[in-house]
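Dear colleague,

My notes on it follow directly after.

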Amino acid sequence: MKPRFNIVRLSKWFFMLSGAITIAGIIVFALFGFNLSTDFKAGSRIQFQLNQQVPDARVRQMFQSVGLTIGDTGLTVGGIERNVAIVTLPEQLSAKQIAAIQSAEHKFFPSAKQDIQVNSVDPFVAQQTARKAIWAVLAAAVCIVVYVAIRFEFRFAIAGIIALLHDAFIVLAAFALLRREVDLTFVAALLTIVGYSINDTIVIFDRIRENVKIHKPEDIDALRDVVNKSLWQTMTRSINTVFTVLVAAVILYFFGGVSIRNFTFALIIGLISGAYSSIFIASPIWVAWRGRSMRKHKAVANEASVQ
Amino acid sequence: MKWGRLFAFLLMVAAIIGVTAGTVPQVWKSIPLGLDLRGGVDLLYAVDTPKGQSLSDSGRQALLKAVEMRVNSLGVSSPSIDLEGKNQLGQDQIRVQVAGVKNQQEAVQVIGATAQLAIYGDATIDKKTGKITPVGAPLATGADLKSNAKWVVDQQDGKNAVAIEFKQAQKWIDITKKYVGKPIFVFLNGQLLTDPVIQQVMYSGSSEISGGSLTTPQACMALANELNAGALPYPLTLESETSVGPSLGQTSLQRTMVAGLIAIIIIFAFMICVYRLAGLIADIALIAYGYLTLLVFSGLHVVLTLSGLAALVLGVGIAVDANIITYERIKDEMRNGRSLRSAVRIGNKNALRTIVDSNATTFIAGAVMYIFGGQGDVRGFAVALMVGIIVSLLTAVLLSRLMLLTFTASGAVRRPWWYGVGKGVLKQHETQV
């Protein structure tokens, strides 16, 4: 693709944009935290048996009628005849609420076989999983740095990791800002985004490395031009690739199941951020860093020649 | 036109589509699905705390950890383990949901079974009943052992035995020092298993236990597994056992499948629109990718969960990306004035380095997630990601490349337009081709 504008020279604005979203996300997170689902939060479990297969929408209506909303992944169907409804709610229920749900059950399902059973729940494994995921991502980041530093150079490695963490952060910030529910599927989405982000970044770095080898830029302006050229050379690929993966995510969001809507939403944000950060964050960071050490190098060389 | 090459190309296409269409339903059925995709069994246990005692915070953590280890030893993916409120008797309850109903009995057995191993220095025998009961406090229990117990055959007498190793070798040295020439009494779940006489001080901290019911390799392996799973701090009693549907919901999953199919069709159409015949080759390679990953999953008996599925979708993205990188590179080479066939060759070569580097990085990420992710969802994702990358290298790079080279070598279609090369690209040398 032909260069439309100079990406590297405009990088200041992109840094500011990403910084603003991240800071807004941190502020909202600090004030309100995440909107955690029962996957991660202690809550209540309500179970009751019907004399028919559990109708998804009607059970949701029943809880709606007493002012309780079932999250996207909050309703499970059990029993061999699929006639047991299991509802998890992210709050502790008062005796009054339990009584209200009981009468709602009688109203919505007059022929139900069983009264509701209410239990408090303390999720254990999900919390462990989330914790392990964070450690796994951080450990992966360290190993990626080592590999990229060996195959490319150290600066590429750090720039790539910053882009990766940027994408994870943007998704977390988006969920905090939009008050979207963070459930167990969110962990899978976050891991996917991390995998995509680093893959996408390395493809562009590879082209920069190649062009730097061919053109051997001497000063920072030449370096900026080489990087800008590399970014535009890979632009068609960047757009085509992100288009194909984004199409899949958007279609799954609108036409897929409700219970994975948080998952696909996280994917959409993360994929856009992943493609964006490779071009507008990772590469400019590398230029700025490489340019600085170039200047230092030159200064040292000049001094040497003066003496 | 070289008919042989064209025939070879068509044969490859026919083989891929034929094998996939013919066997995909069986392969799909043989892949075990996780709790979130297929549902499983819901087990509710009551915690038998000693009378009058309630579950302390540290006791609760230890219990949940022990249950988690046991569930993981079943090899199921992403179990759900919740601590629930008290039952009518005032006991705390633990709810465990595991995928699959095939091993229901085994699951009930393994989660609730206790292997309480204790070594005593003295024991008495009740003359009337012949029952042997330990005297005093145990010298050591299962909690003092490393979780690497395994079945072995004793080298001297050829008997089946369980090899154990103490966490602190000193403990075993002290015990054997004190009891040289005297018997010790090994109890399993309150039953005397064996009462060997210590022949000499053992300095290695490892030992073997045998005798009693440990006559078969199966019995030894079962005990070793139970010892490794760690003793439950409190006994558990099964209260209820229900089958549960997928936690993501049946209708929800069906809709997702349909949406996934639509997405794949759009991606296929997009590739054909942009890269024409080359795009079609990429699509066929994608079919091979999908088929091979399912085959690997079925072969490895990996439990597929939503996070695994997400990794496979990411794999599709990576596979498509590999083709796009290659085709864009081929276009670049043609811009530099190469002929179609040499551009395909050189473009493939140059693109390969990019693809290998980016995929190696992602593969490393997957491998590290596998190591640090523990059991469950993170590991499931990591396995699927690694499988996805390797298969995408095989199909989207090797297979796709082989097909493209064979096809261009056949000379059946020479116009660059059919390979997604626009007019703008070929201004200078269009006449050459």
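**Pairing across the two chains**

Strand E5 (residues 117-123) of chain A and strand E2 of chain B run antiparallel and are joined by three bridges. Within this pairing, Pro123(A) has Asp82(B) of E2(B) opposite to it. Please bear in mind throughout that the model is predicted.

**The contact between chains A and B**

The contact draws on 61 residues of chain A and 64 residues of chain B. On the side of chain B that touches chain A, the elements giving two or more residues include strand E2 (80-84), strand E13 (236-244), helix H7 (250-300) and helix H10 (377-410) of chain B. Helix H3 (57-73), helix H8 (306-335) and helix H9 (340-372) of chain B are also among them. H7(B) supplies the largest share of this side, with 14 residues. Sorted by class, the side of chain B that touches chain A holds 33 nonpolar, 21 polar and ten charged residues.

**Nonpolar cores**

The largest nonpolar core has 162 residues, and those that touch the most other members are Leu190(A), Ala266(A), Met369(B) and Phe381(B). H7(B), already named for its share of the contact, also gives the most to this core, with 18 residues. Leaving aside residues up to four places away in sequence, Leu190(A) touches Ala133(A), Ala168(A), Val171(A) and Ala266(A). Another core, of 23 residues, lies apart from the largest one; among its members are Val162(B), Ile175(B), Phe187(B) and Leu227(B).

Phe187(B), a member of the core of 23 residues, belongs to strand E10 (residues 185-188) of chain B, which is covered on both faces. Phe185(B) and Phe187(B) lie on one side of E10(B), Val186(B) and Leu188(B) on the other, and all four are buried. Four bridges pair E10(B) with strand E4 (residues 117-120) of chain B in the antiparallel sense, and in this pairing Val186(B) is the bridge partner of Ile119(B). E10(B) is also joined by three bridges to strand E11 (residues 191-194) of chain B, again antiparallel. There, Phe187(B) has Leu192(B) as its bridge partner. E10(B) and E11(B) form a hairpin with two residues between the strands, in which Asn189(B) adopts a positive phi near 50 degrees.

**A three-stranded sheet in chain B**

Chain B also contains an open sheet of three strands, ordered E8-E9-E12 and paired antiparallel. Its edge strands, E8 (150-153) and E12 (206-209), each pair on one side only. From one strand to the next, the twist averages 40 degrees.

E8(B) is joined by four bridges to strand E9 (residues 160-165) of chain B, with Lys150(B) opposite Ala163(B) of E9(B). E9(B) in turn pairs with E12(B) over four bridges, in the antiparallel sense, and Glu165(B) stands opposite Ser206(B) in E12(B).

**Annotated regions**

The following assignments come from unreviewed UniProt entries. For chain A, the record places "transmembrane region" at residues 12-34, 133-150, 157-178, 184-205, 239-260 and 266-289. In the model, residues 239-260 of chain A are 77% helix and 0% strand, with their end C-alpha atoms 26 Å apart. Residues 266-289 of chain A are 100% helix and 0% strand, and there the end C-alpha atoms lie 31 Å apart.

The UniProt record also assigns "domain: Protein export membrane protein SecD/SecF C-terminal" to residues 109-290 of chain A. That span is 81% helix and 5% strand, and 69 Å separate its end C-alpha atoms.

For chain B, the UniProt annotation "transmembrane region" covers residues 257-277, 284-303, 309-330, 351-372 and 378-399. Residues 257-277 of chain B are 100% helix and 0% strand in the model, with 28 Å between the end C-alpha atoms. Residues 378-399 of chain B are likewise 100% helix and 0% strand, with the end C-alpha atoms 30 Å apart.

With kind regards

How values were computed
Residues numbered from 1 in each chain as written. Chains lettered and ligands numbered in written order. Predicted model: local features only at pLDDT ≥ 70, side-chain atom pairs only at ≥ 80, totals over all residues. Pairing = 2+ DSSP bridges. Axes fitted to C-alpha atoms, helices over the stretch in contact; angles between N-to-C directions. UniProt positions renumbered as here; feature names shortened; annotations may be inferred. Contact = placed C-beta atoms within 7 Å. Nonpolar A, V, L, I, M, F, W, Y, C, P; charged D, E, K, R; others polar. Core = buried A, V, L, I, M, F, W, Y, C linked by C-beta atoms within 7 Å. Buried ≥ 20, exposed ≤ 12 C-beta atoms within 10 Å, placed from the backbone.
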